[in-house]
Amino acid sequence: MKLMDKYNDSLRKVISHRFYATLLGKDKAGKTVLTWRGWRWMAIIALHLLFFLSFHIDIQILEGTLSASRILGFHLIDPFATLQVVLAERVLPTNMLIGTATIVIFYLLIGGRTYCAWVCPYGLLSEIGECINKQLVAKGILKERRFDHRVRYVFWALFALFALLSGYLVFETLNPVGIMSRMIVYGWSLAAVWVVAVLLMEIFYSRRAWCTYICPIGTTYGSLGWGSALRMKWDNDKCTHCTACMRVCPEPHVLDFAKKEHDAARKEKGIVTEHVISGDCTLCGRCIDVCGDDAISYEFRLKDFL
Ligand code: SF4
Ligand code: SF4
């Protein structure tokens, strides 16, 4: 299998269709390196291995599941889970408040939907599904189905409303992230069927549909992403407008500013670099992995204060 090389023009054309090959790539000197996708996969696997080992051999580093956990004794709570508890049970225990505030501060620093790309186990499955779907679309077996990504706000409000009206955490019974996280720690359950069903829907109906249109966890983290200190930086002088980044981006609208049609206005204003400001960006680094002009990079905007 040929390794993906973003500096090789002929390989670059198929970069959005290759999957396993993109865990490793070549740097400019031709050396084999782990791509950002490779790093992310390792991070997700390592994190869930910690959950698993903390439970099974009692190493007590990261206990619980993604919805509610303790790292070295400090509480961490998923903000959407907290919101559901508040709406359903009208309570906000102190531990929950502290755990949620810790998560909110952390993700304000490193980008809200970083959770989706670097933490969520379903996000990883969804990436595999994305690749299968892209190959089926490229072969003409399936047609591409995209919808307005803003429908995610409707689902977010609906799941919050369900909690408020029913007094139960309704979303948690449907949540593939929570189901997977619990299965990784405590073992298989019948709920795996639901995760498979969601994945099949993403493969055969609409690519990354759960993450793009439905998941209220991603939407909640996305709202934190608007204030993130970590951003993707784009350099107009280096960009050749090949659109490779937009073809692999899970939320391509966030890179809209990079289109050639905006160049004239940019030049008029003397703008050379831009940042992805949308909270929908997952900071997955796929755009860096495929950009043969090295026009995109991570930038931590508080670096001057450190
Ligand atoms: S949108 Fe939801 S399911 Fe998708 S990666 Fe983010 S948290 Fe996971
Ligand atoms: S802009 Fe880059 S880092 Fe952000 S979601 Fe798109 S591909 Fe990932």
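Buried means under 20% relative accessible area, exposed means over 50%, and partly exposed lies in between (1.4 Å probe, protein chains only). You are looking at a predicted model, where local features need pLDDT of at least 70, side-chain atom pairs count only at pLDDT 80 or more, and totals for chains, interfaces and linings use all residues. Residues are numbered from 1 along each chain as its sequence is written, chains are lettered from A and ligands numbered from 1 in the order in which they are written, and side-chain values use heavy atoms, with hydrogens and water left out.

**Stop 1**

Helices (H or I, at least four residues) and strands (E, at least two) are DSSP runs, numbered from the N terminus.

Now centre on Y221. What does Y221 touch, leaving aside its neighbours within four places in sequence? Y221 is in contact with D78, P79, I103, Y107, G112, R113 and Y115. Contact means heavy atoms within 4.5 Å.

**Stop 2: ligand 1**

Select ligand 1. Around it are R113, Y115, C116, C120, Y122, G123, V177, W210, C211, C215, I217 and G218. Each has a heavy atom within 4 Å of the ligand. Helices α5, α6, α11 and α12 give two or more residues each to this shell. By class, the shell has nine nonpolar, two polar and one charged residues. Here Ala, Val, Leu, Ile, Met, Phe, Trp, Tyr, Cys and Pro count as nonpolar, Asp, Glu, Lys and Arg as charged, and the others, Gly among them, as polar.

**Stop 3: aromatic rings**

Rings of Phe, Tyr and Trp (its six-membered ring) pair if their centres lie within 6.5 Å; planes under 30 degrees apart are stacked, over 60 edge-to-face, and the rest tilted. The count comes to 16 aromatic pairs. Select F55 and Y186: they form an edge-to-face pair, 4.9 Å centre to centre, with 90 degrees between the planes. F55 is in helix α2 (residues 36-56) and Y186 in helix α9, 131 residues apart. F55 is partly exposed at 46%, and Y186 is partly exposed at 47%.

Go back to Y107 and Y115. They are also edge-to-face, at 6.1 Å and 70 degrees. Y115 is buried, at 4%. Then select F80, F155, W156, F159, F162, F171 and W210, which form one aromatic cluster.

**Stop 4: helix α3**

Select residues 79-89. The buried residues of this helix are P79, F80, A81, T82, Q84, V85 and A88. They pack against β5 (74-77), α4, α7 (151-166), α8 (170-174) and α12. R90 follows α3, with a positive phi near 55 degrees.

**Stop 5**

C287 is buried, at 9%.

How many disulfides are there? The count is zero, where a disulfide is a pair of cysteine sulfur atoms within 2.5 Å. Finish on C291. Its sulfur is 6.2 Å from the closest cysteine sulfur, in C242, so the two are too far apart for a bond.
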